[in-house]
Amino acid sequence: SGPYSVTFLAGDTSATFNIPITDDVIYEGTETIDILIIETLLPAGVTAGTPNQAVVNIMDDDGINISFDLSTYNVDESDGPAQPTLVLSNPSSTDITVRVFNTDQLATDGSATGGGVDYTS
């Protein structure tokens, strides 16, 4: 979380420092860390060059898959509404809303399989 102390050994012209990154399983998208050299805090005789700011992009590697928890749901007509369940492979830091369609809403013939009309879409 900084500030970070970076030491240049005598004769060196570059020095690398570590910014700890946490590998989690939450989908957050790309996160950024803005880092900055503050001239007034530099040792005597050292001035900030260009660029004196940088951005570290932390690329999220926690993509999310969505699926049904089962491939078949059985419900009696007298039970009330069918309640299929969707599951995410990883939690998300933001709300996710998906649209689920009946296959007959996508088909050109427009009818459900089986006899009768026992549901409304």
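Let's start at N90, which is in contact (heavy atoms within 4.5 Å) with V25, D62, G63 and I64, leaving aside its neighbours within four places in sequence. This is a predicted model, in which local features need pLDDT of at least 70 and side-chain atom pairs pLDDT 80 or more, while totals for chains, interfaces and linings use all residues. Residues are numbered from 1 along each chain as its sequence is written, and side-chain values use heavy atoms, without hydrogens and water.

You will find N90 in the loop between β4 (86-88) and α1 (103-106); helices (H or I, at least four residues) and strands (E, at least two) are DSSP runs, numbered from the N terminus. N90 counts as buried because its relative accessibility is 17%, where buried means under 20%, exposed over 50% and partly exposed in between (1.4 Å probe, protein chains only). Its side chain reaches the backbone oxygen of G63 at 3.0 Å.

With 47% relative accessibility, L70 is partly exposed. Its C-alpha atom is separated by 7.7 Å from that of T85, 15 residues apart along the chain.

Now for the rings: the structure holds two aromatic pairs, meaning Phe, Tyr or Trp (six-membered ring) centres within 6.5 Å, with planes under 30 degrees apart stacked, over 60 edge-to-face and the rest tilted. Y4 and F17 form a tilted pair, 5.5 Å centre to centre with 35° between the planes. Both Y4 and F17 lie in the segment before β1 (31-36), 13 residues apart. Y4 is partly exposed at 31%, as is F17 at 33%. F68 and Y73 make an edge-to-face pair, at 6.5 Å and 70°. Here too, F68 is partly exposed at 43% and Y73 at 30%.

Conventions
Polar contact = N/O pair within 3.5 Å; in protein donor to acceptor, adjacent residues only side chain to side chain.
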